[in-house]
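User: I am new to this structure and would like to learn how to read it. Please take me through it feature by feature.

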Amino acid sequence: MELIKKTTENKVDIVRAINTTRCLQNFTDSKFTLHGAIIFKEEESEDIVTSLKVTDETGETFFINSISGTVRKAVEAFIDAFDATDFEEGLPLKIVENTSKGGRTFYSLDLDY
């Protein structure tokens with residue numbers, strides 16, 4: 001496993017991000033508070049995985065993973081635009097399901113301001 005980008009040095013968060021079984025597509029049209037992100041490359045499959053550390057409306061904090069390139073690009077933009085304090089305070093996030101012109105379902109992230 002190769003870490004590509006991350007918002008934390010917390011080793012527990014990194015391990016939890018890598019080991020989560022929660023998938024982004026199970027949370028479409030959901031709103032969360034984003035507290036961090038880790039982008040890593042799986043050695044076995046060569047997939048690039050984006051892991052989001054989120055808190056839901058009930059206050060539960062957990063990680064959600066995605067191999068979507070669209071999601072990865074959004075998270076890279078968040079990491080480049082915001083600093084560690086912003087992630088600690090939390091960014092309002094919405095997971096959105098869209099359909100391409102060709103009829104394919106894809107997922108994107110939007111800041112919910």
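Analyst: Start with burial. A residue counts as buried when its relative accessible area is under 20%, and as exposed when that area is over 50%. Keep in mind that this is a predicted model.

User: Take Phe63 as a test. Is Phe63 buried or exposed?
Analyst: Its relative accessible area is 8%, so Phe63 is buried. The residue is found in strand β4.

User: Which residues does Phe63 touch, leaving out those up to four places away in sequence?
Analyst: With that exclusion, Phe63 touches Asp13, Arg16, Ala17, Thr20, Arg22, Ser51, Leu52 and Lys53. Another position to look at is His35, 28 residues from Phe63 along the chain. The C-alpha atoms of Phe63 and His35 are separated by 9.8 Å.

User: Asp13 and Ala17 came up there. How do I read the helix α1?
Analyst: Ask which residues are buried, then where they sit around the axis. Helix α1 spans residues 11-19, and Asp13, Ile14 and Ala17 are buried in it. Seen down the axis, the buried residues fall within an arc of 100°, so they line one face of α1.

User: Which residues are exposed on the other side of α1?
Analyst: Lys11, Arg16 and Asn19 are exposed there.

User: What covers the buried residues of α1?
Analyst: The cover includes β1 (2-6), β2, β3 and β4.

User: Which residue caps the N-terminal end of α1?
Analyst: Asn10 does. A side-chain oxygen of Asn10 lies 2.8 Å from the backbone nitrogen of Val12.

User: Now the core. What is the general idea?
Analyst: In soluble globular proteins, nonpolar side chains tend to be buried together. Here the largest nonpolar core has 21 residues. Those with the most contacts inside this core are Leu24, Leu34, Leu52, Val54, Ile64, Val75 and Leu109.

User: Which elements give two or more residues to this core?
Analyst: They are β2 (31-41), β3 (48-55), β4 (61-66), α2 (69-81), β5 (91-99) and β6 (105-111). The largest share, five residues, comes from α2. Apart from this core lies another, of six residues, among them Ile14, Ala17, Ile38 and Val49.

User: What does Ile64 touch, beyond residues up to four places away in sequence?
Analyst: The contacts of Ile64 include Arg22, Cys23, Leu24, Phe27 and Phe32. They also include Thr50, Ser51, Leu52, Val54 and Ile95.

User: Phe27 and Phe32 make me think of rings. How do I read aromatic pairs?
Analyst: A pair of aromatic rings is described by the distance of the centres and the angle of the planes. This structure holds three aromatic pairs. In one of them, the rings of Phe27 and Phe32 have centres 5.7 Å apart. Their planes stand at 70°, so the pair is edge-to-face.

User: How is the pair of Phe32 and Phe62 arranged?
Analyst: Phe32 and Phe62 are edge-to-face, with 5.9 Å centre to centre and 90° between the planes. Phe32 lies in strand β2 and Phe62 in strand β4, so this pair ties together parts that are 30 residues apart in sequence. Both Phe32 and Phe62 are buried. Ring pairs link Phe27, Phe32 and Phe62 into a cluster.

User: Which residue lies over the face of Phe62?
Analyst: Arg22 does, at 4.2 Å from the ring centre.

User: Last, the loops. Where do Asp29 and Glu46 lie?
Analyst: Asp29 is in the loop between α1 and β2, and Glu46 is in the loop between β2 and β3. Look at the backbone angle phi. Asp29 has a positive phi of about 60° although it is not a glycine. Glu46, also a residue other than glycine, has a positive phi near 70°.

User: How accessible are Asp29 and Glu46?
Analyst: Asp29 counts as exposed, at 61% relative accessibility. Glu46 is partly exposed, with a relative accessible area of 48%.

How values were computed
Residues numbered from 1 in each chain as written. Predicted model: local features only at pLDDT ≥ 70, side-chain atom pairs only at ≥ 80, totals over all residues. Heavy atoms only, no water. Core = buried A, V, L, I, M, F, W, Y, C linked by side-chain atoms within 4.5 Å. Buried < 20%, exposed > 50% of the residue type's maximum accessible area, 1.4 Å probe, protein only. Helix = DSSP H or I, 4+ residues; strand = E, 2+ residues; numbered from the N terminus. Contact = heavy atoms within 4.5 Å. Arc of directions from axis to C-beta. Polar contact = N/O pair within 3.5 Å; in protein donor to acceptor, adjacent residues only side chain to side chain. Phe/Tyr/Trp six-rings, centres within 6.5 Å; stacked < 30°, edge-to-face > 60°. Lys NZ or Arg CZ within 6 Å of the ring centre and 35° of its normal.
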